[in-house]
Amino acid sequence: MPGYYDLVADRYRLAGILGVGGVAEVRRAWDTVLRRPVAIKLLLSGCDEADRRRFDNEIHTLAGLSHPGLVSVYDAGTIGPMPFVVLQLVDGSTLRDRLAYGPLPVIMVCELGRSLSEALGHVHTHGVVHRDVKPSNILRDRDGTVYLADFGLARAAGTTRLTRSDQFVGTAAYLAPEQVRGGEITSAVDVYALGLVLLECLTGVREYDGSAIEAAVARLHRRPLVPDHLPFELRRLLTLMTSPHPRQRPSAYECARILQAIGRSEAVGPITTKARVRQHPWRSRTQALLAAALASLLVAAGSTDAAHDAAPPVSGELLVTQQPRGPRADPVESSDSLAKAHKGVHKNKGGKGKPNRGKGKHGW
Ligand SMILES: Nc1ncnc2c1ncn2[C@@H]1O[C@H](COP(=O)(O)OP(=O)(O)O)[C@@H](O)[C@H]1O
Ligand SMILES: [Mg+2]
């Protein structure tokens, strides 16, 4: 690992640490050629071949996407055997940092959710599932622009799995029920995770906490509690986003449309759900057998939903990570303008158009 003032690739002068994840460290750096600040993500020593392939996958996935809500990839290379990637610097904080101070107002959550949904919509349109939407992967710069970061677990639709347990990698607190059961991974898992993140922004409390296994299995026992005092349309949307049935969840673009309408106190209209990106269209006999085994384990552990829902096939072991428990916080704030948006039933059928792609500004 390079030292504090090392020059990476004869070009990037390393400075302070911006963040450290499971296998990588992100450092602030100065691009001596273009004379601008950047972020460099370096794989930590001690990681294995699978980590290296994930890192490679992250670089290539992100490099193939371009959206105001995603950080740009500027450069990539290796320091000896260790790969690094140079990213657009987001000079600000993570949503996780912000949530340490308590919940966000409804209006801010709608705007944050809209921006993230649009970025996710772009990702899904390109056949990619992020699979790790969570507060520490959501960044906000001083300007108020929000970014979805960390494509380390992202997968292109239809690609072969990188590792045996690949399908279950993720953060326990935000896994969709089908990820826990080893079911088909579609873009709907990102919508579910975003639903839990938005709920956490509103309540200041992580919905599914405890140990990794407890958190993962808890969502099979009970649906998230969406507070009654939230605006009706927001409650309706969050309930659909966190539905245990992937097909009942709206697309990311549909979420963006609705959150924009709620934020602007406009009519929401019917919420459409639709078919989405499939990650693994094929199933093997072994996978089906493993699925049955995991389903019976979950039933034995007391999961009621696991028994009732068609148990999808399993293709690996449960491998989840966990974050520290979030803070208990104050009651949710609401706003007058939002309350107005929820009076009456609206029949707006214009739900198919993509919402405005402008940068989201947030004052968290
Ligand atoms: N482009 C960036 N600009 C500023 N900080 C960043 C950037 N990318 C990541 N970080 C910081 O580094 C942390 C870890 O980065 P992340 O990509 O999530 O790595 P990991 O894959 O190890 O979780 C983030 O939570 C954030 O604090
Ligand atoms: Mg991360």
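A residue counts as buried when its relative accessible area is under 20%. In this predicted model, cysteine 110 has a relative accessible area of 1% and is therefore buried. Cysteine 110 belongs to helix 3. Apart from its neighbours within four places in sequence, cysteine 110 is in contact with Leu234, Leu259, Ile262 and Gly263. The C-alpha atoms of cysteine 110 and alanine 261 are 9.0 Å apart, although 151 residues separate the two in sequence.

Cysteine 110 also takes part in the packing of helix 3 against helix 8. Helix 3 covers residues 106-125 and helix 8 covers residues 252-263; their axes come within 7 Å and cross at roughly 160°. An angle over 145 degrees counts as roughly antiparallel, so helix 3 and helix 8 are roughly antiparallel to each other. The crossing of helix 3 past helix 8 is left-handed. On the side of helix 3, the contact is made by Ile107, Cys110, Gly113, Arg114, Ser117, Glu118, Leu120, Gly121, His122, His124 and Thr125. Their partners in helix 8 are Ala252, Tyr253, Cys255, Ala256, Leu259, Gln260, Ile262 and Gly263. By class, the residues of this contact between helix 3 and helix 8 comprise nine nonpolar, eight polar and two charged.

Valine 146 is part of strand 10, which spans residues 146-148. With a relative accessible area of 4%, valine 146 is buried.

A further helix pair is formed by helix 5 (residues 188-203) and helix 7, whose axes lie 8 Å apart at an angle of about 140°. Helix 5 and helix 7 are therefore oblique to each other. Helix 5 passes helix 7 in a left-handed crossing. Val191, Tyr192, Leu194, Gly195, Leu198, Leu199 and Leu202 of helix 5 meet Leu234, Leu238 and Met241 of helix 7. The contact of helix 5 with helix 7 consists of nine nonpolar residues and one polar residue, with no charged residues.

Within helix 7 (residues 232-241), the buried residues include Glu233, Leu234, Leu237, Leu238 and Met241. These residues lie on the same side of helix 7, because they cover an arc of only 130° around the axis. Among them, Leu234, Leu238 and Met241 meet helix 5, and Leu234 is in contact with cysteine 110 of helix 3.

How values were computed:
Residues are numbered from 1 along each chain as its sequence is written. Chains are lettered from A and ligands numbered from 1 in the order in which they are written. This is a predicted model: local features need pLDDT of at least 70, side-chain atom pairs count only at pLDDT 80 or more; totals for chains, interfaces and linings use all residues. Side-chain values use heavy atoms; hydrogens and water are left out. Axes are lines fitted to C-alpha atoms, for helices over the stretch in contact, and angles run from 0 to 180 degrees between N-to-C directions. Helices (H or I, at least four residues) and strands (E, at least two) are DSSP runs, numbered from the N terminus. Angles under 35 degrees count as roughly parallel, over 145 as roughly antiparallel, 65 to 115 as roughly perpendicular and the rest as oblique. A crossing is left-handed if the near helix is turned anticlockwise from the far one by less than a right angle, and right-handed if clockwise. Contact means heavy atoms within 4.5 Å. Ala, Val, Leu, Ile, Met, Phe, Trp, Tyr, Cys and Pro count as nonpolar, Asp, Glu, Lys and Arg as charged, and the others, Gly among them, as polar. Buried means under 20% relative accessible area, exposed over 50%, partly exposed in between (1.4 Å probe, protein chains only). The arc is that of the directions from the helix axis to the C-beta atoms.
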